[in-house]
Amino acid sequence: MAQPTQPLPNKESGLFRQVVKFYESKQYKKAIKAADQILKKFPEHGETLAMKGLTFNYMEKKEEAYELVRKGLRADLKSHVCWHVYGLLYRSDNNYLEAIKCYTNALRFDKDNVQILRDLAMLQIQMRDIGGFVDTRYRLLQLRANNRNNWISFAIGHHLGGNHELCVQILSAFESTLDEVPPSEAYEHSELLAYKAQVLQEGGQPEAALTLLEQQQDKLRDKLGVMHSKAQLLLQLGRPEAAEALFRKLLVLNPDDYRVHEGLQLCLGIQPPKDGQTWQQQQQAAAAGGSSSEAARSSSSSSVWSPHSGKKRRLLQAYSEEQRGKLVALYGALGQQYPKSMACQRIPLDFLVGSDFAAAADSYVRRYLLRGIPSLFSDLKPLYADSAKAAALQQLFEGYAAALRSSGSLPGLLQPAANSSSNGPLRQQQPANGSSSSGSGEDNPLTWVLHYLAQHYDRLGDAESALRLNDEALQLAPEVIELLLARARILKHTGDMVGAAAAADAARKADTADRYTNSMAVKALFAAGQVEAAEQTAMLFTRDGDQLNNLYDMQHMWYEVRCGDAHLAAGALGKALKQYTAVAKHFADFVEDQFDFHSYCVRKMTLRSYIRLLRLEDRLQHHPFYMRAAVGAVRCYLALQDAPAAAAAATAADEASLAALSPEERKKEKLRRKKEEKRREKEAEAAAAAAATAATEAAKQRSSSGGGAADKQKKKSSTRPPDPDPDGSKLAAAADPLAEATKYVVGLVQAAPQHLESQLAAAEVYGRKGRALLEAAAVKRARDIAGPEHPDVHRAIVRFAQRGINAMVVQGSEAGGHRGTWYKTGDYAPHMTGAAAVQAFTGRPARGLTNQATRDLQQLQQQLPLNLIGLVNARPFYNAAASVSSDYVLQLCGQGYPLCRECSAEELVQQLLQEAEAAVQELAGNEFAA
C-alpha cells in the first residue's frame with residue numbers, strides 16, 4: 001500500500017475516510033460537507049479535492065468535477081488516488097482510452113492496488129486489449145491466488161488471445177486446487193467443465209474434448225447441451241454413425257428442431273450450401289461431384305455443425321440422386337416415427353422432385369388451408385428457387401381453387417402411381433374427410449387458396465393476376481387482415497406506394513389493437529412519403545405526452561431507419577440524419593451494456609454464454625439496421641457536400657428566370673415571393689404557439705389527475721431535458737460533411753467488408769475525397785462481391801473512370817493526359833494527312849487535323865493580332881463553309897490521331913469500361929502491394 005504524499009492529521013484523516021464512506025453509500029451532500037471541513041484547513045490537499053470532484057460528478061456537475069480533480073492532481077501528482085479518481089471520471093463519460101492512461105499512471109505509484117488493477121482489466125477487455133488484459137489478470141492472480149475469478153479471467157484472456165493450450169492448463173491448475181465441490185457450486189463447476197471442453201474443441205483437440213465430456217458426464221448439469229456438443233465433436237472426428245445416434249436421441253426430445261435435422265443430414269454426408277451460393281451453382285456442384293458416397297462420407301468429418309447455427313431452416317439446396325435416395329429413406333422412416341412433426345413433413349419438400357414432390361406438397365398444405373393458417377406462403381417461399389417446384393405448386397393450388405369453386409370441397413389427395421418414378425403419373429384419391437368447405441369468410445379454404453395464389457403470382461412478377469385473386473379473396477373475407485396486408489405488398493411491388501399505404505392502413509383499422517398491423521401501416525406510409533401520417537400512426541402505441549422519446553427509448557430501429565429514408569427522399573437531410581444517428585446511438589449503447597457482464601458472467605460462471613456475448617458484440621455492426629442507418633447517413637452527408645453547388649445552380653437558374661421577365665412582371669414575382677415567405681412564417685409561429693398551449697394544458701391535466709403513485713412514477717420517468725436539436729439542424733450544419741461520412745465508411749469497411757453497401761459507400765466517399773487508390777480498392781471489392789453486371793457496381797466503375805478522365809483533363813497535356821477525340825464518320829471524315837499546331841483556335845497553341853480550315857487559320861494568325869481572331873470569332877464563317885465542304889470542319893486532336901479507328905458509340909463505351917476495370921485491378925493491386 002503506497003503511503004500518501006500529503007498525510008493528514010488524525011482528525012482530518014478520519015474525515016477523509018468519512019468522505020469515502022459517504023460517497024460509496026451515495027450520501028453525496030454529506031460527502032461534500034465532510035470534504036469542505038478538510039479543505040478549510042488544507043485547501044491544497046489533492047486527494048480531498050479529487051474525491052470532492054468525483055462526488056460532484058455524480059451530482060451532475062461535470063465541469064466543476066473535472067476542475068476539482070485536475071486541481072487536486074496538480075497539487076499531488078504522485079497520488080494514486082488522484083489518478084484513480086481521474087480515470088473514474090473519464091470512465092463515467094465512456095472515454096475508456098483516457099481512463100486506461102489514468103489507471104496506468106496510478107499503478108506507477110501503487111503497482112499492487114487490487115481495485116485499480118480490477119478497474120483496468122475491465123476497461124481492457126471492454127476495448128479488446130487482450131494482451132494488456134492478460135498481463136493485468138496475471139498480476140491479479142499473483143496478488144490474490146485464492147480468488148476463483150482471477151483464475152477464470154486469466155484463462156479467458158488466453159482463450160480470447162488464441163492460446164487455447166495455456167487456457168486449458170490454467171483451468172486444470174485451478175481444478176487441482178479444489179478439494180471437493182460443494183453442492184451449492186455444482187452448477188458452476190459443471191459450466192467450468194463445459195467451457196473447458198469448448199476451449200479444447202476450438203484449440204484443435206476434439207478427441208480430448210470428447211473424452212472430457214464422457215469422463216465428467218455425471219458432473220455436467222446441462223444434459224441437452226452436452227448431447228449437442230458430443231454430436232458436434234463426433235462429426236468433427238469423422239464418426240458419423242455415433243453422431244447419428246445422438247441426433248436421433250435429440251429428435252426424440254424435439255422432432256421439430258431444424259438444427260438437429262441439419263446435423264442428421266451431415267451424418268449422411270450431405271453438406272449445406274456455401275454462403276452466397278446460388279441455386280444454379282448448387283445444381284452444377286451436385287451434378288458434378290455429388291454421386292460419390294465415399295467423398296460424401298469423408299466430407300462429414302470436416303463439417304462444421306453448431307447447435308447455435310442461427311437460422312431455423314437454411315435455404316433450398318440442390319441434391320444429387322444418391323443424396324436424394326438417402327434422404328427419401330431417412331424421412332420416410334422419420335415421418336412414420338413422428339407423424340405430428342411438421343419438420344418431418346416440410347423437409348422432404350426440399351429434396352423431392354416430380355410427382356413425389358407434388359404428392360408430398362398436397363399432403364402438407366391441406367392442414368394450413370383447412371385450419372386457415374396464413375403463413376403457408378412464407379413457409380414454402382424457399383422452394384421458389386426451383387422453377388419446377390414453383391410450377392408444381394401453381395398447378396396444385398389452381399386445382400384446389402377450381403375444385404372449391406365448382407364443388408365446394410378440396411379434391412382427393414394426390415398419390416404417385418404404383419412403381420412409378422419421381423416423374424411418373426399421379427392418381428387422385430377420393431376427397432378426404434374434413435376437406436369440404438361449408439364455412440364462409442376466413443373459415444372457407446378457398447379464401448386461403450386464393451391468398452396463396454395471389455402471393456404466388458406476386459412472387460413471379462404477375463401483378464395483374466395477383467391483384468385479381470386478392471380481390472376475389474377479399475370478396476369472400478373483406479375483414480381478414482392478412483388479405484389486406486398482402487394487397488399492400490403487391491401494390492408496393494408494382495410501385496404504387498400510395499395505394500400500398502392505403503391498403504396497409506385499412507388493415508390497421510381492421511384491428512386497432514394490433515401492434516404488428518400498426519407497424520406495417522407505418523412502414524407503408526413512410527415508403528409513400530407520408531411522413532406526418534406515419535408519425536401520427538406510430539404514436540398510437542406510445543406513451544401520451546412523450547411520444548418521440550418513447551419511440552427512442554424502446555429502440556424502434558425499424559421505425560428510425562424507415563423515417564430516415566423518408567426524410568432523405570424528401571430532401572430533409574437534418575431530420576434524416578437525426579434518425580440515422582439515433583440508430584447508431586442504440587448500437588453504441590449495446591456496446592456499453594456489455595460492461596457490466598465482464599464481472600457478472602465470471603462470477604456466475606456462465607462462461608460459454610459470456611464468450612458468445614463477446615463475439616456477438618465484435619460483429620454487432622453487421623446487423624442490417626446498422627448497415628442501413630450508416631449507409632443512409634453517408635448519403636445524407638454526401639448530399640450536404642453537394643448542397644452548396646446545387647444551391648448555387650438553383651440560385652443561378654432562379655436569377656435567369658427572373659431576368660427573362662419584363663421589369664413589371666419581375667417586380668410582381670418578387671412581391672409574390674415576399675408575401676409567400678411571410679405567410680409561411682406566420683403559419684410556423686401559429687403552429688408553435690398551438691403546440692405550447694397543448695403542452696401546457698396537458699401538464700395541467702396531469703397535475704390535477706389525482707397525483708397517485710403511478711402518476712408520480714409516470715411523471716418522473718417522462719421528465720427529461722428537451723432535445724437541443726429536434727430537427728437535426730446542427731447535424732446538417734456539419735463543417736466538413738465528407739469527414740463525417742468518412743467516419744461511418746471506415747466503421748463499415750472494418751466491420752462488414754463483405755457487404756456490397758459498405759464498399760459502394762466507401763467508393764463514393766473516397767472518390768469525392770480524391771483518394772484514387774482507396775476508391776479503386778473499394779470498387780474492386782464491390783465487383784468481387786456482386787459481379788460487374790450489378791447495376792450499382794457498374795455505376796461505381798463508370799464514376800471511377802469518369803473521375804480519372806476528369807483528373808487528366810484538369811492536369812492538361814503537360815501531364816500526358818487528355819480526353820480522346822471523337823470524329824463523326826461520313827462526309828465529315830477527317831483527312832489523315834497530318835496535324836498542325838494553330839494558336840488561332842482559342843488564343844493558345846492547340847493541335848488540329850490539317851485541312852483547309854487549319855491552313856487558313858495559320859495564315860490569319862501571321863497577319864492579324866490574336867485578339868481579333870480565334871475560334872469564337874471565326875466559328876460562324878467556318879460553320880458556313882463546313883456545310884459546303886468537309887475540308888472546312890475544325891477538328892482538334894491529340895498526338896495519337898493516327899490511331900483513330902471507326903467504331904460505334906456502344907463499342908466505344910464498352911472499351912472505356914474495360915479499360916476502367918483494368919485500371920481498378922491495377923490500382924487495387926498496387927495498394928495491396930504497398
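Author: Start with helix H15, residues 258-267: 9 of its 10 residues are buried, so H15 is largely enclosed by the rest of the structure. Buried means under 20% relative accessible area (1.4 Å probe, protein chains only). Helices are DSSP runs of H or I of at least four residues, numbered from the N terminus. The model is predicted: local features need pLDDT of at least 70, side-chain atom pairs count only at pLDDT 80 or more, and totals for chains, interfaces and linings use all residues. Residues are numbered from 1 along each chain as its sequence is written, and side-chain values use heavy atoms, with hydrogens and water left out.

Reader: Which residues of H15 are buried?

Author: Tyr258, Val260, His261, Glu262, Gly263, Leu264, Gln265, Leu266 and Cys267.

Reader: What caps the N-terminal end of H15?

Author: Asp257 does. One of its side-chain oxygens lies 3.0 Å from the backbone nitrogen of Arg259. Just after H15, Gly269 has a positive phi of about 85 degrees.

Reader: How do I read a helix pair?

Author: Two packed helices are described by the angle between their axes and the distance between the axes. Here H25 (residues 463-476) and H26 (residues 481-494) pack at about 160 degrees, axes 10 Å apart. That makes H25 roughly antiparallel to H26 (angles over 145 degrees). Axes are lines fitted to C-alpha atoms over the stretch in contact, and angles run from 0 to 180 degrees between N-to-C directions.

Reader: Which residues meet?

Author: Among them, Ala463, Leu467 and Leu474 in H25, and Leu484, Ile490 and Thr494 in H26. Contact means heavy atoms within 4.5 Å.

Key
Helices (H or I, at least four residues) and strands (E, at least two) are DSSP runs, numbered from the N terminus. Angles under 35 degrees count as roughly parallel, over 145 as roughly antiparallel, 65 to 115 as roughly perpendicular and the rest as oblique. Buried means under 20% relative accessible area, exposed over 50%, partly exposed in between (1.4 Å probe, protein chains only). A polar contact is a pair of N or O atoms within 3.5 Å; within protein, one must be able to donate a hydrogen and the other to accept it, and residues adjacent in sequence count only if both atoms are side-chain atoms.
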